[in-house]
Amino acid sequence: MSQQNDLKTILNKLHYSDDAKVVAQISAQTKSVMARMKGIRRKVVVMSGKGGVGKSMTTVNLALAFARMGQRVGLLDVDINGPCVPQMLGMRGKGLLDTPEGAVPPTGPLNIKVASMDFLLQENAPVRWKGPMDLSPVWLGMTEMNVIREFLSDMVWGELDYLLADLPPGAAADKPPLLAGLIPDLAGAVVVTTPSEVASNVVQKSIAYAQELGIEILGVVENMSQYRCPSCGEESPLFEGDTDSMCEALGLPLLGRIPFDRNFARTFDKGEPILDGDNPTAAKYQDIAKKVHTLLDYQQVLDGKV
């Protein structure tokens, strides 16, 4: 019997004594998540442990890169307090379509399906822990955990080749245990860092934590590795660090290095994502996506699923 069928059997046999039926609700959501995930071939999370390293930019551009490869892509923006994926993809103002089957994510550039907390908030409204319901949602208790679970259980993704999840910053907020428990057959995680000793130290702890939970680390992306001059295109060092040594010590592949490109970043700030894979920076993300795709194909062969 498969692990998925085992879990379904256990969930169906559970009996609940709590009057609020909290356990029953969570059980129902978990079974709903499993059903939603059936049509998704590969689920990959993008994480770090350190804020400000460019996880969202990496996730968005990997999604675009996979889409350029002809893959059907979904993007889950799990950052509850600072969702920015819709802004970067020029999708502000769009919303989820409520249907009897569930919430259908809107489609963005290159037919990427996007689910984000941003679609549930009024413009510039924060996620409040308490306050008027007409201003923003009120989430109590395990706030982020419940939001992520509801996103996964309510979204009608349909058939996808890749679902990328942009996790929130911070080693604890990355929620690797939650994602590992909620997403069946998680393909693995792409870890984002910068060539800074401070970032590397924090990122290593996040990697160790994820590995202890059995999450496969597919590799590391070094963001802001250099500064690309907007005028001449020449690249110069931006930080001092040794990501190569970190990857070697951890036995992980360095998937690629992304320079800080002011012109490239400005387009995403304005909601005008670069879709041309020939752009020098976009081409680097394309190479990373191809490596991840090849790695997952190889793992699939080893697992005898081809």
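**A pocket and a helix crossing**

I begin with the second largest pocket, whose lining residues divide into nine nonpolar, four polar and one charged. This is a predicted model, and the pocket in question has a computed volume of about 160 Å³. Its lining comprises 14 residues; those nearest the centre are Met 57, Asn 223, Met 224, Phe 260 and Ala 265. Two or more lining residues come from each of strand S8 (217-228), strand S10 (254-261), helix H9 (262-269) and H10. Of these, S10 provides the largest share, with four residues.

Let me turn to the packing of two helices. The axes of H3, residues 55-68, and H10, residues 280-302, come within 8 Å and cross at roughly 75°. An angle from 65 to 115 degrees counts as roughly perpendicular, so H3 is roughly perpendicular to H10. On the H3 side, the contact involves Met 57, Thr 58, Asn 61, Leu 62, Ala 65, Phe 66 and Arg 68. These meet Ala 282, Tyr 285, Gln 286, Ile 288, Ala 289, Val 292 and His 293 in H10. By class, the contact has nine nonpolar, four polar and one charged residues.

Finally, a word on confidence. The average pLDDT of the chain is 81, and 77% of the residues score at least 70. Confidence is highest in H3, at a mean of 96, and lowest in helix H1, residues 3-13, at 63. Over residues 133-141 pLDDT stays under 50, and there the model has 25 contacts beyond four places in sequence.

Conventions: Residues numbered from 1 in each chain as written. Predicted model: local features only at pLDDT ≥ 70, side-chain atom pairs only at ≥ 80, totals over all residues. Heavy atoms only, no water. Axes fitted to C-alpha atoms, helices over the stretch in contact; angles between N-to-C directions. Parallel < 35°, antiparallel > 145°, perpendicular 65-115°, else oblique. Contact = heavy atoms within 4.5 Å. Nonpolar A, V, L, I, M, F, W, Y, C, P; charged D, E, K, R; others polar. 1 Å grid on protein atoms, 1.4 Å probe; cavity = no way out; pocket = protein on both sides within 12 Å on 5 of 7 lines; lining within 4 Å. Points joined across faces, edges and corners; volume = space filled by probe spheres on them. pLDDT = per-residue confidence, 0-100.
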